[in-house]
Amino acid sequence: MSGEEATSGGDHPTDRGTAASSRRGDLTARRSTEAGGRQGRRRRRRGGGGEELRVPEAEFTSYYGRPILKAPVWKWDIAAYLFTGGLAAGSSLLAAGGQLTGRPALRRAGRVTALAAVSASAVFLVKDLGRPTRFHHMLRVAKPTSPMSMGTWILTAYGPAAGVAAIAEAAGVLPRHGLLGLAGRALPPIGHAAGLLAAGTAPALATYTGVLLADTAVPSWHEAYPELPVIFAGSALASGAGVGLLAAPPAQAGPARRMAVAGAALELYGAHRVETRLGLLSEPYRLGRPGRLLRAGRLLTAGGVAGALLGRRSRVVGALSGTALLAASVLTRFGIFYGGVASARDPRYTVVPQRERVEARRTGMDLPSDRAVPPGV
């Protein structure tokens, strides 16, 4: 190898020194830039000159896009359970009214419908529990602070009474002599007592499901704790009235018409409150499928009451009014149910009310009386 080739192919000491100096200069410049950036950030934090540091607006999201609350796992059968329980309660009250005022058509229709409705409720409830033995296990203890426990005992007291009252309606078709004749004579007074017992339990059956929903952490159910029992009581009365208007001739439908007016007043008042009083948490009851269901329920309720009052001499109008009231009760229960489920799926309905309560406590101010909420469940 020639000396010229060796010189051009190797690293000269001067070249190595120049490269090292260049690297040190780059490192020094980079450190100066980083130090200047840190000093600038410190000045901005202290508020001294420079561009103002802006914090991005908070977004209502959660880890991996999941809701903050676990949405209820209940399906449509629980919404149907809410309706059939209310229908059973309203029908027992209708039957008691017919029994006490001497209207056999109302009494018979109310008792038979109450037994059918409470049987359907038991099917829906057992389907949700998964095994019938779980309902039996609920009877091992009675907890007054647990709506589920109290509801189990209410159903246990109501079901047999409604069943005996309905069976008593078969007394008229039994023979007049022999053992069956003796049973036919004993059934009416037994059915009378059982019907009154079922009617006495009916208000608790009609309203405990509203307390049960409000006792959860679902925002739009929990916040509506004063209104849900009122809505469910009104819906139960309206559905019972619908049974009477469908089954009884106009001459015997007076108690059913009065029940329709009372039930519609309670239901419409409670629905208006949950759609206007709860602030942000009223949105799930106004928007989407729940909003459509509740609006249709209000229209059918108003139409059913109007038909019951204006068409009191027409059997056809009475039947149409009864059908409208029953349909309205179904739509109202499903609207309330799906409204709560929607509020649990959106983090906004959990975060914003919590921040409002925290801010109110921090500033020492109370929320308005109509926005006060109970302790979180």
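The model is predicted: local features need pLDDT of at least 70, side-chain atom pairs count only at pLDDT 80 or more, and totals for chains, interfaces and linings use all residues. Residues are numbered from 1 along each chain as its sequence is written, and side-chain values use heavy atoms, with hydrogens and water left out.

The protein holds 14 helices and zero strands. Helices (H or I, at least four residues) and strands (E, at least two) are DSSP runs, numbered from the N terminus. From the N terminus on, the order of elements is α-α-α-α-α-α-α-α-α-α-α-α-α-α. Of the 377 residues, 42% count as buried. Buried means under 20% relative accessible area, exposed means over 50%, and partly exposed lies in between (1.4 Å probe, protein chains only). Accessible areas come from the Shrake-Rupley method with a 1.4 Å probe; for residues, only the protein chains shown count as cover.

Helix H3 spans residues 76-100. Its 25 residues reach 37 Å from the first C-alpha to the last, close to the 36 Å expected at 1.5 Å a residue. The expected span is 1.5 Å times one less than the number of residues. In H3, 21 of the 25 residues are buried, so the helix is largely enclosed by the rest of the structure. Gly102 follows H3 and has a positive phi, near 70°.

Nine salt bridges occur in the structure. A salt bridge is a side-chain nitrogen of Lys or Arg within 4 Å of a carboxyl oxygen of Asp or Glu. One of them joins the side chains of Arg107 and Glu169, at 2.8 Å from N to O. Arg107 lies in helix H4 (residues 104-129) and Glu169 in the loop between helix H6 (147-167) and helix H7 (178-214), so the pair ties together parts that are 62 residues apart in sequence. Arg107 is partly exposed, at 23% relative accessible area. Glu169 is buried, at 17%. Glu169 also forms a salt bridge with Arg108, with the closest N and O atoms 3.6 Å apart. This pair links distant parts of the chain, as Glu169 is in the H6-H7 loop and Arg108 in helix H4, 61 residues apart. Arg108 is partly exposed, with a relative accessible area of 41%.

A further salt bridge pairs Glu275 with Arg298, the closest N and O atoms being 2.6 Å apart. Glu275 sits in helix H10 (residues 254-276) and Arg298 in helix H12, 23 residues apart, and the pair links distant parts of the chain. Glu275 is buried at 11% relative accessibility, whereas Arg298 is partly exposed at 26%. Salt bridges that share partners join Arg107, Arg108, Arg111 and Glu169 into one network.

Lys75, Arg289, Arg292, Arg295 and Arg345 form a positive surface patch. Patches are made of residues with over 30% relative accessible area and no salt bridge; like charges are joined within 9 Å, and nonpolar side chains (Val, Leu, Ile, Met, Phe, Trp, Tyr) within 5 Å. Lys and Arg count as positive and Asp and Glu as negative; His and the chain ends are not counted. The place of a charge is taken as NZ of Lys, CZ of Arg, CG of Asp or CD of Glu. Helix H12 (residues 288-310) gives the most to the patch, with three residues. Arg345 belongs to helix H13 (residues 315-345). Arg345 is exposed, at 54% relative accessibility.
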